Amino acid sequence: MSGLVGWAFVLAMALLPVVAPDPYMLAVLTSAGIFIIGAISLNLLLGYTGQLSLGHAAFFGLGAYASALASLGFDIGIGFGMRLRLEPQPVYVGFLSAILVAGVFGWLLGRLAFRIRGAYFVIITICFAQVLRMLALNWVELTQGPMALVGIPPFSLWWPGQGVVDLTSKAQTYWLVLGVGVLAFLVVRQIVHSRIGRALVALRENETLARSVGIRATHYLVIATVVSAGIAGAAGSLFAHYVRIVDPDVFLFIYTVTMVIMVITGGKGTLWGPVVGGLIFGLLPDMLRGSARPEAQWIAYGAAMILLVMFLPRGIVPAVAAWLPARRPATQALPTPVREGVG
Amino acid sequence: MTAPLLRVEHVMVQIGGLVAVSDLGFEVGQGEVVSLIGPNGAGKTTAFNAITGYIRPRRGTIHFEGRDIIGLSPERIAALGLVRSFQRTSIFGACTVLENALMALHLRGRAGLLEAFIPLPGRRREEARLRDEAMAMLDFVGLSARAAARADSLAYGEQRRLGIALAAAAAPRLLLLDEPAAGLNPSETADCMALIRQLRDRGTTILLVEHDMAMVMRISDRIVVLNQGRIIADGPPAAIRENPEVIRAYLGGAPEGVGHAAA
Amino acid sequence: MDQALQHLVNGTVLGGTYALLGIGLTLIFGVMRVVNFTHGELYTFGAYMTYALVSLLQLDFFLSLLLATLLGVALGAAIEVLLLRPLRGADIDSVMLAMIGAALVLQNAAMWAWGGVAKLVPTPFGGTPLVLGPVSVMPLRLFVLGVACALLLGFWLLLERTRAGIAMRATFQDSETASLMGVRVGWVSTATFAIGSGLAAAAGALLGPVFMVSPTMGDLVGLKAFAIVILGGLGNLPGAVIGGFALGYVEEFGGGFVSTEYRDAFGFLLIILVLAIRPQGLVALKERVG
């Protein structure tokens with residue numbers, strides 16, 4: 001998709017609440033948008049570094065908890081009779097701390113996990129999310145455990161002439177999510193098109209060769225993880241202030257799976273892949289709701305995943321790009337990964 | 001001769017409990033073309049892996065420009081100016097030829113996370129310079145016409161040349177080439193030899209592992225012969241040709257393939 | 001001291017079933033290079049089949065265990081033939097994604113079929129614990145440990161003494177050479193996946209009656225199976241047994257002496273620790289160089 005088409009898409013999405021102010025559709029698009037941001041961040045790892053990271057819900061959840069706790073404040077014992085207190089902070093502080101906390105954990109996991117590859121890496125990332133979920137369930141003093149953190153304030157923005165306003169209307173929240181989404185997309189695009197992005201793709205394509213020409217594997221993979229985690233943390237923060245309740249289930253594997261499906265459906269290693277896949281899988285469940293049981297939705301997800309891997313392993317965007325050979329995607333400086341063909 | 005560029009002393013490498021290289025010692029002087037030869041399983045590729053940081057030797061020292069490089073990662077060693085090519089995995093298959101060259105020029109760039117976001121003029125200049133260098137490198141190996149092609153769509157001989165170009169791209173002081181002529185036909189081998197000579201003329205020191213004896217004899221300043229994990233001869237091509245121990249090693253004095261000294 | 005002894009016994013009982021879970025997973029990885037994300041679902045399947053046979057069909061408890069295990073074998077074979085066979089030659093990541101898809105389907109199918117309410121499986125064992133000095137054990141748990149050990153022993157004999165076992169071990173070591181030497185790798189893969197799945201279903205059939213049977217019971221167990229296998233080194237059979245008992249003890253002692261709430265987290269923390277210190281697993285064998 002050329003830059004012009006991209007901005008036209010953003011403009012159309014931005015005008016939607018004005019043209020068609022249907023609150024239900026806006027709500028659906030808002031929650032889809034939050035997961036699309038998560039998918040965009042996951043794509044940096046999954047698509048560009050080629051590391052199958054299956055603990056992405058960990059960063060999403062960390063962001064949600066960090067943001068919620070910063071804006072609600074907390075007062076906990078930290079041993080030796082000492083207490084750690086935080087007064088409730090403005091929501092933007094929560095948003096920033098979500099990015100920071102997720103980024104720091106991304107750095108930790110990156111340092112730890114990139115010494116290993118393949119199946120071990122996948123399993124350690126899953127375990128990471130699982131440990132955090134148990135922490136959230138059991139550290140009741142901080143997280144309220146299964147009772148969840150409730151009463152999380154809605155987003156607020158400083159607006160010229162009006163001071164700080166709460167973003168309570170559906171349209172306002174929608175615009176905020178759209179804005180953060182565009183930012184996340186641009187961040188990933190800039191990295192992918194930079195010397196760092198080239199190093200990441202080199203590592204994905206042939207790590208041994210990449211290292212032999214001096215590309216520091218751990219260094220670049222950790223950078224990618226930190227950025228990816230930070231963006232996922234931002235998505236988690238949006239989630240927390242949008243649904244205004246956070247429970248340990250944000251760490252569930254199923255959230256990671258949702259983001260993974262979005263990325264591979266659209267096309268991993270393409271900038272627009274997570275957006276396209278995210279729109280499909282973000283809107284589909286809500287269209288199916290009412291007509292089917294929730295289990296049916298997950299069964300459909302699972303079946304879709306199997307069918308995609310079998311019949312469209314590269315995803316929709318590369319398939320469409322191959323269909324339109326005349327219009328080579330200009331926003332794609334690097335080719336999409338071509339995995340071993342299946343069948 | 002001044003201090004050698006590379007000095008390998010008493011290097012011993014074990015792989016899975018087997019001794020692959022038992023006592024390796026040789027030097028490569030500035031500006032030389034040195035070939036490391038020996039029967040299959042003699043430990044040549046293992047020696048390369050040890051020198052470039054992919055395997056850690058159990059014993060011995062390896063000095064590059066007087067600096068001990070044992071224990072450094074491959075990428076650190078590359079940054080010091082010691083780069084290798086590979087026998088098999090030698091290109092970034094799904095990327096274009098130009099992108100391959102740009103990736104190989106990684107060490108010639110500086111841009112980090114900050115430059116990715118802030119459009120400083122320096123960043124554009126660096127990109128333009130890297131592109132020029134990449135094209136020049138492709139020109140040098142005769143692949144500039146294929147710059148936009150996917151690397152894995154190149155013919156075999158072209159892929160081998162690209163592999164050498166990638167290793168040579170960042171202008172290393174010492175270039176290790178692992179069987180650059182393997183699988184090439186006679187005319188491609190001649191091209192490959194010309195390429196190595198040109199690299200030497202540009203001031204690159206070259207250490208070569210190669211099976212094609214005609215090529216080795218014609219191109220090398222010096223030949224180091226490895227058999228069963230240890231050095232059995234070291235000298236100019238004419239002397240190696242006459243060396244009785246070398247002849248014995250190649251003509252079946254030692255059973256081929258049983259290179260592990262542990263046997 | 002008495003308390004420690006009790007934890008030791010409990011840990012051993014737990015470790016036996018963990019070993020059963022781990023060995024199936026590691027066998028599948030070793031022979032097929034497939035990370036089996038459906039392992040936990042097969043465990044759930046085994047438990048539900050036991051429940052169905054005992055409670056709904058009123059079959060004998062012991063016969064039901066056997067039948068549930070065999071049904072697990074059949075389901076495993078079906079997954080291999082329908083899903084993994086078409087994907088042979090695909091990269092490991094694609095296969096992992098397909099297996100996650102299959103796990104999603106199986107788990108939600110269980111949810112749909114059985115509902116979210118946990119089920120209790122009646123057993124012929126009484127509710128009074130056997131008391132041996134300072135230690136007490138429920139007879140059912142002792143039975144579970146016994147069967148688990150018998151299955152491990154039987155599995156070992158299968159690998160060591162039968163033609164199928166030899167073919168499996170050959171593929172385990174080097175599938176290319178094995179296929180050159182006339183081993184039908186396709187058939188071996190089906191058999192391996194079926195047996196590995198059967199062991200998981202057996203673990204579910206055994207533990208279902210001890211705890212409760214619910215559609216999500218396999219979630220945690222599947223992850224724990226990964227933990228066990230990582231502890232022992234992926235593809236390392238004795239390592240999986242050691243890893244299984246290690247996890248059993250760590251959970252028992254950690255849960256008993258440190259914190260009950262974090263009981264289940266100890267295993268995962270252990271993995272992260274192990275991977276940080278020894279990425280190749282606790283009991284890793286030296287890599288073979290071809």
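Author: The answer below starts with the contact of chain C with chain A and then turns to a helix pair and to the record. The model is a predicted one.

In the contact between the two chains, 39 residues of chain C meet 36 residues of chain A. On the chain C side, three helices each supply at least two residues: α4 (92-114), α9 (217-232) and α11 (263-277). The largest share belongs to α4(C), with 15 residues. Sorted by class, the side of chain C that touches chain A holds 31 nonpolar residues, four polar ones and four charged ones.

Within chain A, helix α2 (residues 23-49) packs with helix α7 (residues 170-192): their axes come within 9 Å and cross at roughly 15°. Angles under 35 degrees count as roughly parallel, so α2(A) is roughly parallel to α7(A). The crossing of α2(A) past α7(A) is left-handed. Residues of this contact comprise 20 nonpolar, six polar and one charged.

An unreviewed UniProt entry places the feature "transmembrane region" at residues 12-35, 65-84, 96-118, 138-159, 191-213, 225-250 and 262-281 of chain C. Two of these spans can be described from the coordinates. Residues 138-159 of chain C are 95% helix and 0% strand, with 32 Å between the end C-alpha atoms. For residues 191-213 of chain C, the figures are 74% helix and 0% strand, and the end C-alpha atoms are 27 Å apart.

Definitions and conventions. Residues are numbered from 1 along each chain as its sequence is written. Chains are lettered from A and ligands numbered from 1 in the order in which they are written. This is a predicted model: local features need pLDDT of at least 70, side-chain atom pairs count only at pLDDT 80 or more; totals for chains, interfaces and linings use all residues. Two residues are in contact if their C-beta atoms, placed from the backbone, lie within 7 Å. Helices (H or I, at least four residues) and strands (E, at least two) are DSSP runs, numbered from the N terminus. Ala, Val, Leu, Ile, Met, Phe, Trp, Tyr, Cys and Pro count as nonpolar, Asp, Glu, Lys and Arg as charged, and the others, Gly among them, as polar. Axes are lines fitted to C-alpha atoms, for helices over the stretch in contact, and angles run from 0 to 180 degrees between N-to-C directions. Angles under 35 degrees count as roughly parallel, over 145 as roughly antiparallel, 65 to 115 as roughly perpendicular and the rest as oblique. A crossing is left-handed if the near helix is turned anticlockwise from the far one by less than a right angle, and right-handed if clockwise. UniProt positions are given in the numbering used here, feature names are shortened, and annotations may be inferred rather than shown by experiment.
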